[in-house]
Amino acid sequence: MKQGIARKLAATYLTIIIATIISGAFCLYVLNKNQRASSEMRYVTLPSLEYLKEMKVLHQEVKKLANTWVFITNVRDQERLLTIVNNEYPQLLEKLSTSAGKWTDDDEKFLFGSITTTCNRIIDSVHKITVLLNSPETYTNDQLVDQAASINSQAGKLIGINDKLFDQLIDTKEQNLESQQNSIGKLMNLLYLIIALTIVIVGSVSFFSMRFSKKNIVSPLLELNHVIMSMAVGKVVAIEEIDRDDEIGQMHNAITKMISGIIQKVNFSEQIGKGNYDVDFKLLSANDKLGTALLTMRDDLRRSTESLIEQDRRLIEAQKIARVGNFYSVLAERVFQSSPTFDEILGIDDTFEKTNENWVSLITPEFKSVVKEKGEEAFKSKSRFLASYIINRYKTQEERWVSVIGEFTYDAGGNIVTMFGTLQDITESKALEIELNKSYNVATEQNRRLLNFSYIVSHNLRMHAVNIESLLSLLDESESEEESKEVLELLHKASRHLDETLHNLNEVVAMQNALNLEIGPQVLKDHIDHAIGIMQSQIEHKHALVVNNVKEKVIVNYNPAYLDSIILNFISNAIKYSHPDRQPMVTIDCFREHQNMTKSKWILQISDNGLGIDMKRHGHKLFGMYKTFHGNKDAKGMGLFMTKYQIEAMGGDVEVESESGKGTTFRIYIK
Amino acid sequence: MEKIFIIDDDEMYQMVLRRTIGKINKGIEICSYWDGEEALNAVMNMFENNEKKPDLVFLDINMPVLDGWQFLEELEKYKPDVREHLNIYMISTSLDSNDRQKALQNKNVKELLTKPLSIQTLKDLTCGGAM
């Protein structure tokens, strides 16, 4: 049977109460006895003894007066004796009788009865003598004198008897008083003993009760309190179960179980936190609300996580399809986090340290300042960062066009804290855009050429028509046959010019319609030498010096006919427009210009020391059709127009530097 | 009418114009220039040497070296009050409305005439119409 802590405490307190009650009862009993003894002593024994002693004094005084009164006629003694026997004696006797009524001892009562009887006889004797003494006969009658002497003698005897009785009774009473005093003293000692015993018993019981309480209640409770206080601040320490059946034991074991449950739940939660949703635990009971909630939370989290994983997977797939990655960077940490697609676009693998500096290092040199400017703009205007640029992929150095959109967060001081954004691989769309731009430029150029062509057609063809019309008018107006002949000759000439113009226009049309030009590797030096060979007679005629510095190893992908035409045209122009005051010199060089790490292009440079061109005046129409610049009537203004067209058709470009009177340098960019 | 300048790179049309004007008035002196620069030099010399100014200037638009518009710009830089000294008629085969607009806005140009110039037009211009 379980003995509860409450029962133990109740037994302890009951013991203390009973001990206290018993000792109290004893005390009361002893006090009562003591009071009764004291009362008897104070109100019975002591007054009785006092009255007896007074009576004895009076008795002695009576004895003294009775012995002498006969011979003494002193009235004062008589009166004193009569006062004693008539007043004091009876009064004192009555007090004594009242006191004696409370006596319990029969012997004392008997002795008192004898004393009373004797006293009454003494009083009676005194009265008799008094009566005799007051009679005058007495003094003359011997008989009466004898009678008085006899009464006096008898009274003397009675007084003697009473003296003994008084002494005997006073002794008895004094013995009684002593006995009573002894009894009171004993009772007081008993009371002290009871009180002392009560204190010892109650103290012992209390001491053991306290020890019991400390060992079995306070200490375990303090220990549990410590555990609970630790739990209150989140500290959970496992404790062992104890073998106790009482409430403290039950409480301790319940807390042990609770802590064990909490530790289990903490471990469970930690496992959930790590994403391990297969972890399980046993509920403490069907009412384990926290445990049930945790299990529900695990299941909810499992579902949410699975959903998130699925969403993340879809997002990654979507990013992969859209070629969009995302990134996040805390600028102070100088590192960034990124999605798999971001890494894939930049060609990043585990060997790449994801620092912002390393990212910037992937940006091609020509875009670094652009990106920096865009960043500064976004920072100043607190707007989005938007930039498209080329990166060299990590390791492979492959070029990719990327578009970056980023948003910054700022601290209270306006400094950038984080940057989050997306990076999209726009290489394909950029290629399309470039292609589209190219097509647009081609279309624009074609449109421009078409306009130019229509202008040429309207102007040049009309010019010939105007001439022919004017000449026909002149023919009509001619006044002589000779004049008509002259005008007819002019008409022939105009007709030839018209034909020539049509021929030129036909060439242009043919050239513009030329599609799928055959392109192949050409040894540039050979083509230049070939052109110089063709121009040999003109070169010799002008005493010109043509220097071909191009190395044999320079091979370009070009249409051979265009290449010949272009080189021939530039050399031809250089010779044709040579300066009359100096030996014509034409220098041909070729060098490579690097666009970036992987791309470069050839530049063919043809320089002369000829007449030069006033670029301010003619630069804008240098390559136009039918444009001439030196007042040379043989110039048709078709050469540079055709040459530029051919260069552009090969994906290249042409630049010119010239100064009037000093010479000209053409640079042909070969793709 | 004593003197006319023809500034045109079209040799054929120069010859036609020269002959037509000759038919109208053989006494008119005709000076021909093949491009704008050549004509500019001649005009500047004329001003500098106080030579007799032409009564009429036919100025083609499309020419090498300096076209008709550039000729006018350069001339104005040299002689801001060109209009006070020269009667300039632009001549062109162009039917381009932009050219016509440009000519209308140029204070130094009397008119833009479209080639070919009819004999009647030339008669009007050389027989006092433009004087």
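**View 1. Pro116(B) sits in the loop between strand 5 (109-114) and helix 6 (119-129) of chain B.** Helices (H or I, at least four residues) and strands (E, at least two) are DSSP runs, numbered from the N terminus. The bond to look for here is the cis peptide joining Lys115(B) and Pro116(B), with omega at about -5 degrees. Most peptide bonds are trans. A quick note on the model: it is predicted, local features need pLDDT of at least 70, side-chain atom pairs count only at pLDDT 80 or more, and totals for chains, interfaces and linings use all residues. Residues are numbered from 1 along each chain as its sequence is written, while chains are lettered from A and ligands numbered from 1 in the order in which they are written.

**View 2. Chain B meets chain A through 22 residues from chain B and 21 residues from chain A.** Contact here means C-beta atoms, placed from the backbone, within 7 Å. On the chain B side, helix 1 (11-24) and helix 2 (36-48) are the elements giving two or more residues. Helix 1 of chain B gives the most, with 7 residues.

**View 3. Lys382(A) lies in the loop between helix 9 (365-381) and strand 3 (385-392) of chain A.** Its phi is positive, about 50 degrees, although Lys382(A) is not a glycine. Lys382(A) counts as exposed because it has 10 C-beta neighbours inside 10 Å (20 or more means buried, 12 or fewer exposed, in between partly exposed, with C-beta atoms placed from the backbone).

**View 4. Lys395(A) is in the loop between strand 3 and strand 4 (399-410) of chain A.** Here too phi is positive in a residue other than glycine, near 75 degrees for Lys395(A). With 11 C-beta neighbours inside 10 Å, Lys395(A) is exposed.

Technical notes
Two residues are in contact if their C-beta atoms, placed from the backbone, lie within 7 Å.
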